[in-house]
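Thanks, everyone. I'll keep this short. Have a look at the model first, and then we'll walk through a few residues.

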Amino acid sequence: LFRRLAVFNGPFGLADVIAVAADEAPDGVPAVDLLTALVDKSLVQSDPVSRALGYSLFESTRAFAHELLARAGELEGIRRRHFDYYLERVLAARKSHDTPEWLAHRDALRPLQSNIADALRWALLEEHDVEGGSAMAAARLPEFYQHRYGACPNHPIELSIRDGLKPGTHEGRSCANNGFRMRATCSANS
């Protein structure tokens, strides 16, 4: 379990661990017990105040776990599970956009931004799942537009919103992909 936690970039909770990193242990030890043992050994940090996202790794510990994950040949499989999990969460939030549940979904995603960004980076920049990454980026457009994360007048996502490009079309996928690549550039130039 420890090496698989390297896939989380930022805070995570028990539900995240179960969905992404935990498999049924051969000896039947539940994920919560394994996670507690890692906290007891100071390999995982625990924040008792935050119940939903109460765990994290120090960056040096994460780098070590990442190396172990790569050596075990599990890196791409776990990154795929990480991406799929956060894609599902983002798409669920998007489906609730015009409903009373939207604010709760939006607020639940905010502390996950580092994990969502990492999932997008894997899908789009490393080109493991451009179609899925484009769907994730397109689903995040309303929040991006509302809060202008990394706003830049010539940012491809800004241009796509102005020009009315639709997610799921060739132009929408291309724009979302290029928009993610450009975000760091626009933020650095601001």
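One term before we start: buried means under 20% relative accessible area, and exposed means over 50%. Anything in between is partly exposed. Keep in mind that this is a predicted model.

Let's begin with Asp 129. Find the loop between helix H6, residues 113-125, and helix H7, residues 130-147. Asp 129 sits in that loop. Is Asp 129 buried or exposed? Its relative accessible area is 18%, so Asp 129 is buried. What does Asp 129 touch, apart from neighbours within four places in sequence? The contacts are Arg 80, Phe 83, Trp 122 and Ala 123. There is also a polar atom of the Asp 129 side chain 2.7 Å from the backbone nitrogen of Gly 132.

Now move along into helix H7, where you'll find Ala 138. Ala 138 has 11% relative accessibility, so this residue counts as buried too. Look across to Leu 91. Ala 138 and Leu 91 are 47 residues apart along the chain, yet 9.4 Å separates their C-alpha atoms.

Next, charges. Side chains of opposite charge can pair when their charged atoms come close. How many salt bridges does a search of the whole structure find? The count is 12. I'll show you three of them.

Start in helix H3, residues 59-71. Glu 59 and Arg 62 are both there, three residues apart, about one turn of the helix. Their side chains form a salt bridge, 3.5 Å from N to O. The two partners sit in contrasting surroundings. Glu 59 is exposed, at 52% relative accessible area. Arg 62 is buried, at 14% relative accessibility.

Arg 62 also has a salt bridge with Asp 118, with the closest N and O atoms 3.5 Å apart. Why does this pair matter for the layout? Asp 118 is in helix H6 and Arg 62 is in helix H3, so the pair ties together parts 56 residues apart in sequence. Both Asp 118 and Arg 62 are buried.

Last stop, still in helix H3: Glu 67 and Arg 71. They are four residues apart, about one turn of the helix. Their side chains meet in a salt bridge at 2.2 Å, N to O. Glu 67 is partly exposed, at 39% relative accessibility. Arg 71 is exposed, at 63% relative accessible area.

That's the tour. Thank you.

Terms used: Residues are numbered from 1 along each chain as its sequence is written. This is a predicted model: local features need pLDDT of at least 70, side-chain atom pairs count only at pLDDT 80 or more; totals for chains, interfaces and linings use all residues. Side-chain values use heavy atoms; hydrogens and water are left out. Helices (H or I, at least four residues) and strands (E, at least two) are DSSP runs, numbered from the N terminus. Buried means under 20% relative accessible area, exposed over 50%, partly exposed in between (1.4 Å probe, protein chains only). A polar contact is a pair of N or O atoms within 3.5 Å; within protein, one must be able to donate a hydrogen and the other to accept it, and residues adjacent in sequence count only if both atoms are side-chain atoms. Contact means heavy atoms within 4.5 Å. A salt bridge is a side-chain nitrogen of Lys or Arg within 4 Å of a carboxyl oxygen of Asp or Glu.
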